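Please examine the sequence and the three-dimensional structure shown here. The briefing that accompanies them is arranged by topic.

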Amino acid sequence: MSVAILKIQTDALFRRKRLFALSFPAMIVAYLAFIFVSFDIAGLGDRMNVQNAQKLVSDVYSYKTHVARDNRNGTLEIAIEGERKGRYPDGTGPDWVTLGDGDPIVDLGGGHVITLGKTVIYDVPNYGRITATPGHSGVDLVLPSADTPDWINRSKNRVAITNDAGRLTITRNRTEVFRFFTGWELFFFTLDSPYYGLSVAEVAGRAVSGEAGAIWHEFWTNKMWRHADVAWALFETILMAFLGTFGAAIVALPMAFLAAKNFTSLGGIRFAARRVFDFLRGVDGLIWTIVLSRAFGPGPLTGALAILLTDTGSFGKMFSEALENVDDKQIEGITSTGAKTLQRYRFGVVPQVTPVLLSQVLYYLESNTRSATIIGAITGGGIGLLLTQAIITQKDWEEVTYYIVLIILMVMMMDWFSGWLRRKLIKGADDAH
Amino acid sequence: MAELTSSARPVGDIQSEYMAQVRHKRVLNLILLMVFLAMMLTGFRIANQRNAGGFWDGLPNIFDFPWDVISEAIERANLIPGYFVKYLPSLLETVNIAGAATLIGVIIGLFLSLLATRGLAPVPWLVGPVRRILDILRAVPDIVIALILIFLLGGGPVPAMIAIALHTVGALGKLFSEVNENASLKPVEGLRSVGASWMQSMWLGVIPQVAPNYLSYALLRFEINIRASAILGFVGAGGIGYDLRNTMSWGQGKYDEAAAIFLLLFATIVVVDQLSSSARNRLTHGKAGSKATGGAQA
């Protein structure tokens, strides 16, 4: 009798469990399907910009040098990435451009040779000689074959020839050759630096012979990569995280006592303190950032204060919970020796909670380094600002990559540092891990 | 007995030695505190100098903007409920970005965490590389991935979702693998002994042990992701953050809509925080009998 009832109950339980086990994944799948439709993920392929993707990826590991001839006055300009900062001084150029009395000759390698004159002559291996003459009535293109191959894009006023060696565009006013190279251009020294183009051994030799300071100065003030500014931006970001985290801890600690049940017997004060914490946390860093940047303008102080306000809420809540878990025996012991209130706190409470609080604060320090990057991107400050600026130009992807690598290293370093500090300050805290 | 008394020093010696030690420690602590305070003060000075507006100049104005927003909101309070309805779809989009990202992050993070736990991983030499991948995913701020994806995919919720999901994989993967390390291996051994595959022994032997902790971490992550999703909207990836930026750019006299969005965002964050923290409390501290009727938890 009772066995039969038990069996029925067990069967029912099993059915329920089986139903749950099946319905849970089904709900997840249904939700993801809803997201798939509502976010129009099927249409993502159409919206995706393949050209942008190719440009991004190739720009990350390569750069191009522009050789441009102004067809109105015949002047030649050679510049890395076409930027003013990367421009070769007049009359000089890389060794694959022959500058002389005659028309400049650009050697793209692999037998591709372009003569940049009034008439552009391009010798393409396995194809023949292309000549193009820009004039008032457009670009006059002469090809060795009858039909136009698909790597040549021609219209009346513009001709573009793109292949593995590089790219040649001819318009009425301007003839431009791009040659692509692997690597990050001018990372160490810009063209106007005396150390440009020297090998590592040569630079090391010069450094040994007493030029180390000058070499460092040239590197540090590199106009293209702005190493000094980048280092300063990283410092600013860490500063924001440091000031915000520890500032919040200092503000939150006394308030946490007000919110803890065993230290504040007045329910009203406790309630008020807790609501303050909830408000600070609930408003969220984004809104604090917006509000503060209206008052203080963009910069690291705004970011630090935004972190400070948000984290005061988080710390207040965590600290007051830690304080409520304090062991009363230690306080009683101190009280029995005749200690006054302040001494009870100092010797009864502080030693108990310090390790807990410190480890929470240090944990936040690492996560706030990331928040500081994000806040910097919104309000303008630190490495976040540099990163968004580089992304907005939509062409400096090598710089974007550089900043991302630096951010990852910075966050990992802070992670390691806060862990190290935690182990140093709180003996035995992390032994278990 | 005789030895003890002969080797024992007078009490006064011990006391003075102890006091010297305490003094030494106090001096050291004081120096540490001074260094820390000096760092904080110079830090604030530097930050203040580098800021566009100074702290003391800006301090009187700190309530100007909130006051503008609040006064305009009060002035046109009758319009606010209409704005709530107007911006509800954007809010749902923000919440959905966070929800989908959390869900995807949990699924991938769960899988990677099993690969990154010694003793559970099917391919032991993959443990190190998987952990490094999780470290990197965690270290990249989601805004970076989102901005690049916005360039490639255009605006909208998808870049934000992918960015947050990747970060969630990194964060949850690490937390999950810490939970896995504490799981008992006995059920796994039992299942292996009857010929279960790796998938089966994980699904039936490990997941039931760690599921409550997983859920608790996932809920906490969901709270964080809602905030992240609002921030990413602010830099161009759909949702309520995007509307907030637009309404704010309309400037003075039009802040009532911004106020409505502030309120919506605040309410959402508070409600989700409360719900998830009470659910987490129930998961970690356990409701009596919740184990026996596992199905009732749904």
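This is a predicted model: local features need pLDDT of at least 70, side-chain atom pairs count only at pLDDT 80 or more; totals for chains, interfaces and linings use all residues.

Residues are numbered from 1 along each chain as its sequence is written, while chains are lettered from A and ligands numbered from 1 in the order in which they are written.

**Overall form of chain A**

- Chain A contains eleven helices and twelve strands; helices (H or I, at least four residues) and strands (E, at least two) are DSSP runs, numbered from the N terminus.
- Three domains make up the division of chain A: domain 1 (7–48), domain 2 (63–182) and domain 3 (227–425). Such bounds come from an automatic or database domain assignment.
- The centres of domain 1 of chain A and domain 3 of chain A, taken over C-alpha atoms, are separated by 38 Å.
- The radius of gyration of chain A is 33 Å, whereas a compact globule of 433 residues would have one near 22 Å. This radius is taken over C-alpha atoms, and the globule rule is 2.2 Å times the number of residues to the power 0.38.
- The C-alpha trace of chain A spans about 100 × 75 × 45 Å along its principal axes.
- Of the 433 residues in chain A, 32% are buried. A residue is buried if 20 or more other C-beta atoms lie within 10 Å of its own, exposed if 12 or fewer, and partly exposed in between, with C-beta atoms placed from the backbone.
- Among the contacts in chain A with a separation of 6 or more, 58% join residues 24 or more positions apart. Two residues are in contact if their C-beta atoms, placed from the backbone, lie within 7 Å.

**An open sheet in chain A**

- Six strands of chain A form an open sheet with antiparallel pairing, in the order β3-β4-β5-β6-β7-β8. Two strands pair if DSSP finds at least two bridges between them.
- At the edges are β3 (97–98) and β8 (138–142) of chain A, each of which pairs on one side only.
- Strand β5 (residues 112–116) of chain A is joined to β6(A) by four bridges, and the two run antiparallel. Within this pair, A:Thr115 has A:Ile121 of β6(A) as its bridge partner.
- Five bridges link β6(A) to β7(A), again antiparallel; here A:Val124 has A:Gly128 of β7(A) as its bridge partner.
- β7(A) and β8(A) run antiparallel and are joined by five bridges. They form a hairpin with two residues between them, and A:Thr133 stands opposite A:Asp140 in β8(A).

**Loop residues of chain A**

- A:Asn126 lies in the loop between β6 (120–124) and β7 (128–135) of chain A. The hairpin of these strands has three residues between them, and A:Asn126 takes a positive phi near 65° there. Because A:Asn126 has 5 C-beta neighbours inside 10 Å, it counts as exposed.
- A:Asp40 is not a glycine, yet it has a positive phi of about 55°. Its place is in the loop between α1 (2–38) and α2 (44–47) of chain A. A:Asp40 counts as partly exposed because it has 13 C-beta neighbours inside 10 Å.
- A:Gly197 is in the loop between β12 (174–182) and α4 (200–220) of chain A. With 11 C-beta neighbours inside 10 Å, A:Gly197 counts as exposed. A:Gly197 and A:Leu186 are eleven residues apart in sequence, and their C-alpha atoms are 9.1 Å apart in space.

**Nonpolar cores**

- The largest nonpolar core has 133 residues, of which B:Ala146 and B:Met161 touch the most other members. A nonpolar core is a set of buried Ala, Val, Leu, Ile, Met, Phe, Trp, Tyr and Cys residues joined through C-beta atoms within 7 Å.
- Helix α5 (residues 227–259) of chain A supplies the largest share of this core, 15 residues.
- Another core lies apart from it, with 19 residues that include A:Val67, A:Ile114, A:Tyr122 and A:Val159.

**Contact between the chains**

- The contact takes 53 residues from chain A and 51 residues from chain B.
- On the side of chain B that touches chain A, 35 residues are nonpolar, eleven are polar and five are charged. In this count Ala, Val, Leu, Ile, Met, Phe, Trp, Tyr, Cys and Pro are nonpolar, Asp, Glu, Lys and Arg are charged, and the others, Gly among them, are polar.
- Leaving aside neighbours within four places in sequence, B:Met161 is in contact with A:Phe39, B:Ile97, B:Ala100 and B:Ala101.
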